[in-house]
Amino acid sequence: MPVIVTIGEALVEIVRTERDQPLDRPGDLSGPYPSGAPAIFASAAARLGSSAGLVGTVGADPFGDCLWGRLLADGVDAAAIRRTS
């Protein structure tokens, strides 16, 4: 069991490639980037060498795959992350 456990959202961010572009109109985007404060915290703790886990849910879709892969690559214990469709 991890020493540090965080509970909450794991989500992705998609951002505009240029400043001051209206968000209600089509434009160039960059991402997705893994995000969500609890997921970022778990990833940072694991990258710093702590035993860290996340309790949460990600989708069984490309965004979920993005999150899942990032968490595992960073060394986060994913035993309590549920994947839903």
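Reader: What makes the contact between H1 and H2?

Author: H1 brings Ala39, Ser43, Ala46 and Arg47. H2 brings Arg70, Leu71 and Asp74. Contact means heavy atoms within 4.5 Å.

Reader: What makes alanine 39 buried?

Author: Its relative accessible area is 6%. Buried means under 20%, exposed over 50%, and partly exposed in between, with a 1.4 Å probe and protein chains only. So alanine 39 counts as buried. Alanine 39 is found in helix H1. Leaving out residues up to four places away in sequence, alanine 39 touches Glu9, Ala10, Leu54 and Leu71.

Reader: Why is aspartate 20 called exposed?

Author: Its relative accessible area is 78%. Exposed starts over 50%, so aspartate 20 qualifies. Aspartate 20 is found in the loop between strand S2 (11-16) and S3. Its phi is positive, about 60°, although aspartate 20 is not a glycine.

Reader: How do you know that the buried residues of H1 are on the same side?

Author: The buried residues are Pro38, Ala39, Ala42, Ser43, Ala45 and Ala46. They cover an arc of only 165° around the axis, which puts them on the same side of H1. The arc is that of the directions from the helix axis to the C-beta atoms. An α-helix has 3.6 residues a turn, so residues three or four places apart point the same way.

Reader: What do the buried residues of H1 pack against?

Author: They pack against strand S1 (4-7), strand S3 (29-35), S4 and H2.

Reader: What makes a nonpolar core, and which residues of the largest one touch the most other members?

Author: A nonpolar core is a set of buried Ala, Val, Leu, Ile, Met, Phe, Trp, Tyr and Cys residues joined through side-chain atoms within 4.5 Å. The largest has 13 residues. Ala10, Ala39, Leu54, Val58, Leu71, Val76 and Ile81 touch the most other members. Helix H1 (37-47), strand S4 (52-59) and helix H2 (62-74) each supply at least two residues. H1 gives the most, with four.

Reader: What counts as a helix or a strand, and how many does the protein have?

Author: Helices (H or I, at least four residues) and strands (E, at least two) are DSSP runs, numbered from the N terminus. The protein has two helices and five strands. Along the sequence, the pattern is β-β-β-α-β-α-β.

Reader: Which limits apply to the model and its numbering?

Author: Residues are numbered from 1 along each chain as its sequence is written, and side-chain values use heavy atoms, with hydrogens and water left out. In this predicted model, local features need pLDDT of at least 70 and side-chain atom pairs count only at pLDDT 80 or more, while totals for chains, interfaces and linings use all residues.
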